Each structure stands twice: as structure tokens, then as C-alpha cells.
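Subject: Structure for you to look through

Dear colleague,

I am handing over the structure that we talked about, and below it you will find my notes on what was found. Please read them with the structure open beside you.

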Protein chains: 2
Amino acid sequence: MDQRISLITLGVADLGRAMGFYSGLGWEGSSPDGDVAFYQAGGMVFALWSRAKLQEDSAVADDPGGWGGITLAYNARSPAEVDAVLAEAEAAGGSIGRAGAATFWGGYSGVFIDPDGHPWEIAHNPYWTINPDGSITR
Amino acid sequence: MDQRISLITLGVADLGRAMGFYSGLGWEGSSPDGDVAFYQAGGMVFALWSRAKLQEDSAVADDPGGWGGITLAYNARSPAEVDAVLAEAEAAGGSIGRAGAATFWGGYSGVFIDPDGHPWEIAHNPYWTINPDGSITR
């Protein structure tokens, strides 16, 4: 198995609402069938799909609801950009889990929660490089 | 917010066990401190960290345990490679959620579950391109 991830799918309650939120962040994607939506995100694809269908498709017997131990992160190029993205997410209908602040590891980060409860950490990590194409090198 | 994801962190119960599993899949990463582990995965970083610490850091009030509506996927170059990756995951200590089989959307896929309950769909999608560097173009 090569060391890469092709796709991340977030389960959502209402595809239109979820697409509206990510559209509010400036993300452009499309739904071929009104059922699933795909967004090209660098070298991978980000998808939104019914949480119940994703559960069944993922061979998960029970969905207790809520968070499941996975967090996505977006690295910004400065602390000010972290704050700007958090403000953008709040304006788009997300909630702020924690405001931008210095972290114990020497960076700066905050968290927004999307309308389906999926957390995104927005971080400035001065030790990792963000390449011009947005890819990250640690 | 640019249309990209920098980092995916999976919460785990035992970092050594989780690193052993991904090592069994041929993934090379390292832990700077014995607490978190990082793996370069194409243009992003894949991380393993204590689920309880990740919960707190992600500003998640309650963790009901189990799955939380996010599934990762790995696209393979053929149905035979799907079966090979599933066999590799089972040999490394994962469980098979569903065996490789034709899908309703015209591809071929199966699911393995990692030791912490995180599902990975392994798929051959004949409609999407896997570039030589492993990036996906839909």
C-alpha cells in the first residue's frame, strides 16, 4: 500500500446545507447526482455524502453519533491567516470550537466545527513548509 | 480558505500498536516525542495521536466512542490491487469490513478497519486517474 490517501468523505445530514457551508469557504465542488459531492483538494478528493449511506458503505455496524476520533487540519501561512479562516468559517455557518491562540508546540491554531460536527483545526506551524501549490512538507 | 487539506489525524488508543499496524502496510513515519506520529502522505501529512488528547485539542465536548462519520479511501490501480491491499491490511492486524467486490457505481472496492476502528475503503475507480505520483484527478 503506497503511503497516500486518495479520498476523505465526511458524512452529512443534508448535502445542500453542507455544500453551502463549504461554498461559503470558497470551495468549488459539484455533485454528479445530488447524492454525493466531490471537491478536488490538492492531490486528493474531498467528498460529502449522507452519513447513513457512508456508514453502511464503510461496513460500520453502529453509529453512536457525534465525533469519531478523526480531525482534519488546514495549515495557514501566518497566525493572521488562521484568524481570517476562522472568521470565514463562522460567517459561513460554522461554530468556533476554540479561537486562535498560541499552542504548546510553538505554533498558533484554532478550531471550527462544520455544520455536521466535523472539527477542523486551522493552524500556523512555523516548522513545516507550505509549498506554493499548497502541499505540506514536514 | 484554499481548497486543500493539510493534515488528517486519527485518534488511537495505543500509539505503538497503531504505528505497528501502519508499518505493516509499508508506511514509514516517525514520532518526535512518543506521543504523536507523522507520516508524509503525498502533499499532506497523516498523523496518529491519543484519541483523548485529540478530542480535547479539537474542542469536542463528548466522545461517544466508535465511528464519527468520516471514512478515508485509498484508490488502487486495479481490482487485483484492491484485493492485495485488503490482504496486506488483514495480515497487519486489521479486520475486513467487506471483501473486495464490484460496486453499484461501476468500480470495485472493499473496506478494512484499522485496530482503532477507523475504516478505509480500498477502491478501484476506473473513472478517476491515479497520476504517477499517487495524486488523484477526478
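**Between the two chains**

R98(B) and D57(A) form a salt bridge, in which the closest N and O atoms are 3.4 Å apart; the term stands for a side-chain nitrogen of Lys or Arg within 4 Å of a carboxyl oxygen of Asp or Glu. By this rule, 4 salt bridges are found across the interface of chain A and chain B.

Before going further, please keep in mind that this is a predicted model, in which local features need pLDDT of at least 70 and side-chain atom pairs count only at pLDDT 80 or more, while totals for chains, interfaces and linings use all residues. Residues are numbered from 1 along each chain as its sequence is written, chains are lettered from A and ligands numbered from 1 in the order in which they are written, and side-chain values use heavy atoms, with hydrogens and water left out.

Between chain A and chain B there are 40 residue pairs in polar contact, both residues being at pLDDT 80 or more; a polar contact is a pair of N or O atoms within 3.5 Å, where, within protein, one must be able to donate a hydrogen and the other to accept it, and residues adjacent in sequence count only if both atoms are side-chain atoms. Strand β4 (residues 70-75) of chain A gives the largest share of the side of chain A that touches chain B, namely 6 residues; helices (H or I, at least four residues) and strands (E, at least two) are DSSP runs, numbered from the N terminus.

In total, 67 residues of chain A are in contact (heavy atoms within 4.5 Å) with 67 residues of chain B. The two chains bury about 6000 Å² between them, 58% of it on carbon and sulfur atoms, where buried area is the accessible area (1.4 Å probe) that two parts lose on being put together, summed over both.

**How the copies are related**

Chain A can be laid on chain B with an RMSD of 0.0 Å by a turn of 180° and a shift of 0.0 Å along the axis, the superposition being by least squares on the C-alpha atoms of residues with pLDDT of at least 70 in both. The two copies are thus related as by a two-fold rotation axis. In chain A, the C-alpha nearest this axis belongs to G68(A), at 1.7 Å from it.

**Helix α1 of chain B**

Within helix α1 (residues 15-24) of chain B, the residues L15(B), A18(B), F21(B) and Y22(B) are buried, that is, under 20% relative accessible area, with exposed being over 50% and partly exposed in between (1.4 Å probe, protein chains only). Because these residues cover an arc of only 125° around the axis, they lie on the same side of α1(B); the arc is that of the directions from the helix axis to the C-beta atoms. At the N-terminal end, D14(B) caps α1(B), with a side-chain oxygen 3.0 Å from the backbone nitrogen of G16(B), and just after the helix G26(B) takes a positive phi of about 90°.

**A buried serine in chain A**

S109(A) lies in strand β6 of chain A and is buried, with a relative accessible area of 0%. Its side chain makes polar contacts with the side chain of R98(A) at 3.0 Å and with that of E121(A) at 2.8 Å.

With best wishes
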